[in-house]
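Thanks for coming. I will take a few minutes to walk through one structure, starting with an annotation and then moving to contacts.

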Amino acid sequence: MEKVAAMPIDPTPVARPKNAEPWKQISLSGIVTIVLASTVPLATGLLAMVLGLRFELALLFVFLPVQLLLGVLAGRRFSGKRGQADAILQIFVIFFAMSVVVLLVSVVWSVVERGSAALSWQFITQNNVYISGQTSLEYGGLGHAIIGTLLIVLLSTIVTVPLGIATAVYLTETTGKTRSTVRTLIQALSGLPSVVAGLFIYAMFIASGLTQYVGWAGSLALIPLMLPTVTRVAEESLLLVPQELRNGALALGSSAWKAFWLVTMPAAKSGLITAVLLGVARIIGETAPLLVTTFAANNTNLNLFDGSIATLPTYLYTFIASNFDTAVQRAWGAAFVILILVAILFIAARVLSRKKTAKKAGKK
Amino acid sequence: MAETQPAPIERRSLRAKPFSKADRAFFKSATWAANSSIVLVSLIFIFLMWRSWPAFESQGVDYIFGSTWDNNPENLVMQIGPMLWGSILVSTIGVVLAVPMAISLAYFIVFMANDRFGKIATVMVDLLAALPSVVLGLWGLLIFSPVAAGWAEMIYQGLGFIPIFDNSSGNFLRSPFIAGWVVAVMIVPIIASVTREIFSQLDRDLISASLALGAGRWSTFRRVILPTSGGGIVGGVLLGLGRALGETVAIFFVLNLVFEVNWFNILEDQGGSVASMILAKFGEAGQDEVAGLMAAGVVLFVVTLFVNMIASFIVAKAQPWRK
């Protein structure tokens, strides 16, 4: 306080900053600067490519430096030294963000393009008996693997969902002493290497000689992978339920259980369903744990408790390593089917959560 | 989003004592379910330890630091040194590549994009997170590897005199560099979503104040955003590192596993990964060798659990509004 008071006041008025009054219209030369700064780098980059430079080199050593230089100049013109740093930041942010977009589009597009070529009615209904990597695509398919995946995931879901939601209830509705421990462990479990989950079940049941490769072992191996996702999303959605609702229910004389069952849970319903969907999406493409617990099969097996079962990821895995073109096409087809399943789950989750946010719009 | 909620003063406690049987059962089952995660983690550790003990006993300390794997049943030698180092190397490359992309994406979503673009980008991050690793492995093997090998060759031609970019074999496929890229694609969404969450919960008044004082985007980022959210970002990066260390199938397809330590020649076509090695060896392993693979699982489990615990601790500390 005293320091401030002791400071002499500078009588000369502060110079008006260049970028004051931002509502003023941008001058013509300003517009020209913006247009030039955004088109010239692109043009030089293209020119360099036309002159024979590789795309990557043109991008990194022609486009980016020119864009940076012009961006800095334009930034400087509008807001001085500050503008330079801002321009550099924005150019880098957009560059890196765009590279993520490019990678994602590359993955999705290559799967869709190559996978759809392999897809046919017979490919998704028939099984893999008598099929090798060289067999023409007109024979055989992954119907058995789709069934196997659905069965195994169903069993995991039946076990994991009550467990995960009950854990979320413990984390949000009670004052248990181990809450922070459980939360940390669940978070840590979400990084559990999938192959370790498989080895765990292998060590517990198969190495002990309790069973051979079998479907339910695969389902068990997926539980530690699915549990963290279900728990975390369920916890989030339960936390979103306004405290007043719970208190109101309790004040009306309901027991804690009734308050949860009749008030909190219905309020968080869409979030809980989202938790289940995202959990399923998390495990539907898991490969390593299934390879060490259920292995792969060629025939259609509807029994989770007897014999090995084929799943989509293991089907993909067995064909990927082959050098034959048809085998690779089968692998792409399997990848496409997995992607479709993930996309369905994902869109369902999105639609549900959109409904939820629409309802909660008033609160947010 | 716009207005920050006041910090909850006190955690609500259910004061209503469970007075009915249903209540008691409700709380009991929730508690049991929650504690089952503790049981689960200990079970994983106990069973893996039990099955792998013979391998640890026969191989000793060399299991971790040695670099030979000989599956001759008469004289089994199992040492995972190169694989362990390879995991660290590949994860480091992945993290180095992923961090700028992830933070940029989060910054773009929260501070630059309008609502529409932000939402699209958020969906994109989630979709990227949902891609199964076997699909990424297929993409990495057949689409990305040839492209990235081209990049590797260009780097070698331009910067080959620097030791880390040296390549003596002339083969640029299946190198730690490529595996690092594939891992980066896997962990970008993890780091990006943690960072986005932390950015979006920042006190908007602070940022408005900084802008009103005349700071630009850069100085706001450097002086206001980073200091307040740095801890959380570090936590997110560690979460990504944990995932990278445990990545199995994708790396299996794009990396040449060699039992000889490749210290830092990232463009050389030899590398290692503990998780992928387990998968590669598991199919044809005898009983004793399986014990050795279990031991690798234990090492992987302990390392990733440790990294993840630290990460989630840091993230939890950086998100006090969660408590």
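A word on the annotation before I use it: the UniProt positions follow the numbering used here, and such annotations may be inferred rather than shown by experiment. Also, what you see is a predicted model.

The UniProt entry, which is unreviewed, lists a "transmembrane region" at residues 26-51, 57-75, 87-112, 145-172, 184-207, 259-284 and 331-353 of chain A. I checked two of these against the model. Residues 87-112 of chain A are 100% helix and 0% strand, with the end C-alpha atoms 37 Å apart. Residues 331-353 of chain A are also 100% helix and 0% strand, and there the end C-alpha atoms lie 33 Å apart.

Next, a pair of helices. Helix 5 of chain A covers residues 143-173, and helix 6 of chain A covers residues 179-189. Their axes come within 10 Å and cross at roughly 135°. Angles over 145 degrees would count as roughly antiparallel, so this pair is oblique instead. The crossing is left-handed. On helix 5 of chain A the contact uses A:Thr167, A:Tyr170 and A:Leu171, and on helix 6 of chain A it uses A:Arg179, A:Val182, A:Arg183 and A:Ile186. By class, that contact has four nonpolar, one polar and two charged residues.

Last, the two chains. How many residues of chain A are in contact with chain B? The count is 79, and they meet 78 residues of chain B. On the chain A side, helix 3 (residues 55-118) gives the largest share, 23 residues. That side of chain A divides into 53 nonpolar, 20 polar and six charged residues.

Methods:
Residues are numbered from 1 along each chain as its sequence is written. Chains are lettered from A and ligands numbered from 1 in the order in which they are written. This is a predicted model: local features need pLDDT of at least 70, side-chain atom pairs count only at pLDDT 80 or more; totals for chains, interfaces and linings use all residues. Helices (H or I, at least four residues) and strands (E, at least two) are DSSP runs, numbered from the N terminus. Axes are lines fitted to C-alpha atoms, for helices over the stretch in contact, and angles run from 0 to 180 degrees between N-to-C directions. Angles under 35 degrees count as roughly parallel, over 145 as roughly antiparallel, 65 to 115 as roughly perpendicular and the rest as oblique. A crossing is left-handed if the near helix is turned anticlockwise from the far one by less than a right angle, and right-handed if clockwise. Two residues are in contact if their C-beta atoms, placed from the backbone, lie within 7 Å. Ala, Val, Leu, Ile, Met, Phe, Trp, Tyr, Cys and Pro count as nonpolar, Asp, Glu, Lys and Arg as charged, and the others, Gly among them, as polar.
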